[in-house]
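Okay, thanks for making time, everyone.

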Amino acid sequence: MRKEVKDTIIVELGQLLKDYAHFYLVDVTGLNAGATSALRRKCFKQEVKMVVVKNTLLHKALEASDVDFEPLYSSLKGNTAVFFCNTANVPAKLLKEYTKEGVPALKAAYAEDCLYVGADKLEELAALKSKNELIADIVALLQSPAKNVVSALQSGANTIHGVLKTLGERPE
């Protein structure tokens, strides 16, 4: 590969690192063409961009980045695919489907401004909540007390109505 082509790939990888908030380094050793194609389709449906890249080129793109990715460098061995995404837990949930087969396997990840190194971090990454999930949780928590008050008032009205009706039906 010529130096100009390598430089272009490094620049493109650097742009992807800037465009996407999160990325996963995944070991795709052992995937045949059919399995790789199926994985790409699943990634596309989940809005995850999958790029198979040479480790040395990815290493240079990570070095050129503003963020210190040094702990990830040890993961750059073997066949590596990079999953770029804007929702931190989507690739982890996708990889969990393959845990029985062992391929593809998580090497490392950069999610929510934190570095995760090792396949044992997959459960932790899958448990991360996206921004929309956190907003939904907060809205639910804020609505809960109001719902309780409305429910108590409604049940209290029925109770008061029942008491008044019973008192009204009693002979004097």
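Let's start with Asn 89. Skipping its neighbours within four places in sequence, Asn 89 is in contact with Tyr 24, Leu 125, Ala 126, Leu 128, Lys 129, Ser 130 and Glu 133, where contact means heavy atoms within 4.5 Å. As for where Asn 89 sits, that's the loop between strand S3 (80-85) and helix H4 (90-96). Those labels are DSSP runs numbered from the N terminus, with helices being H or I of at least four residues and strands E of at least two. Asn 89 counts as buried because its relative accessibility is 4%; buried is under 20% relative accessible area, exposed is over 50%, and partly exposed is in between, with a 1.4 Å probe and protein chains only.

Quick housekeeping. This is a predicted model, so local features need pLDDT of at least 70 and side-chain atom pairs count only at pLDDT 80 or more, while totals for chains, interfaces and linings use all residues. Residues are numbered from 1 along each chain as its sequence is written, and side-chain values use heavy atoms, with hydrogens and water left out.

Now into strand S3 itself. Thr 80 is in that strand, and it's buried, at 1% relative accessible area. Its side chain makes a polar contact of 2.6 Å with the side chain of Lys 107. By polar contact I mean a pair of N or O atoms within 3.5 Å; within protein, one must be able to donate a hydrogen and the other to accept it, and residues adjacent in sequence count only if both atoms are side-chain atoms. Beyond four places in sequence, the contacts of Thr 80 include Val 26, Val 52 and Leu 58.

Which residue is 33 residues away in sequence from Phe 83 but 4.6 Å away in space? That's Met 50, going C-alpha to C-alpha. Again leaving out neighbours within four places, Phe 83 also touches, among others, Phe 23, Leu 39, Cys 43 and Leu 94.

Last stop, the helices. H1 (residues 3-19) and H3 (residues 55-64) pack at about 55°, with axes 9 Å apart. The axes are lines fitted to C-alpha atoms over the stretch in contact, and angles run from 0 to 180 degrees between N-to-C directions. So H1 and H3 are oblique to each other: under 35 degrees is roughly parallel, over 145 roughly antiparallel, 65 to 115 roughly perpendicular, and the rest oblique. Residues meeting there include Ile 10 and Leu 13 from H1, and Leu 58 and Ala 61 from H3.
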